Amino acid sequence: MESKKNGTMGWLGNSADGVAVIDADNRIVLWNKAAEEITGFPQEEVQGKKCYDIFVGRDVNSNTVCRKDCWDMVLAKRGEVVPSKEILSRTKVGKGVCLGVTCINMPSAEDGSPMLVHIFRDATVKRDTERVIGQILSLVDDLARFREQKRPQGEEASPTATPLLYRALRGPVRA
């Protein structure tokens with residue numbers, strides 16, 4: 001394999017995002033400093049390990065996505081584009097983390113077999129924020145429906161009858 005300090009493998013590791021390069025046997029062949037910071041797993045500990053044993057990734061519906069027969073590697077072996085995704089993973093100390101992952105299918109310099117480059121960032125705050133905003137919008141919808149039910153029969157709703165928060169989040173009320 002080409003030197004990790006030179007060539008493609010060298011510049012892949014030079015990123016503020018976590019980078020893990022996975023070979024066709026699902027073994028980690030590169031793990032950069034940002035990957036260490038995001039996951040808590042040092043490079044020495046993950047080098048040569050199966051990626052699914054480190055990431056233990058699940059999708060948002062808790063389905064296992066990081067496994068021996070990983071769909072991303074199947075696509076890579078077919079030479080197809082691997083879609084970006086969010087996975088629920090864990091740090092070395094077991095803390096849950098949401099990772100935004102972009103995958104790049106790259107042939108090995110040695111034999112041309114597929115290697116999968118995972119570029120990932122901690123998306124936990126973004127995911128949690130979206131979840132809270134969704135809950136707020138749901139509550140605002142419930143409040144708007146409640147106010148609509150309390151309005152006397154035949155009386156039209158005025159823009160002021162709609163909660164200010166609802167209008168701010170949903171946009172102006174149109175007659």
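## A walk from loop to core

Ser62 sits in the loop between H4 and H5. Helices (H or I, at least four residues) and strands (E, at least two) are DSSP runs, numbered from the N terminus. This is a predicted model: local features need pLDDT of at least 70, side-chain atom pairs count only at pLDDT 80 or more, and totals for chains, interfaces and linings use all residues. Residues are numbered from 1 along each chain as its sequence is written, and side-chain values use heavy atoms, leaving out hydrogens and water.

Most residues other than glycine have a negative phi. Ser62 has a positive phi, near 70°. Its relative accessible area is 46%, so Ser62 is partly exposed. Buried means under 20% relative accessible area, exposed over 50%, and partly exposed in between (1.4 Å probe, protein chains only). Asn26 also has a positive phi, about 65°. Asn26 lies in the loop between E1 and E2. At 6% relative accessibility, Asn26 is buried.

Now the loop between H2 and helix H3 (43-46), where Pro42 is found. Pro42 is in contact (heavy atoms within 4.5 Å) with Trp31, Glu36 and Lys92, leaving aside its neighbours within four places in sequence. Pro42 and Lys92 are 50 residues apart in sequence, yet 9.1 Å apart in space, C-alpha to C-alpha.

Next comes the core. A nonpolar core is a set of buried Ala, Val, Leu, Ile, Met, Phe, Trp, Tyr and Cys residues joined through side-chain atoms within 4.5 Å. The largest one has 25 residues; Trp31, Phe55 and Leu99 are among those that touch the most other members. Apart from it lies another core, of nine residues, including Leu12 and Val29.
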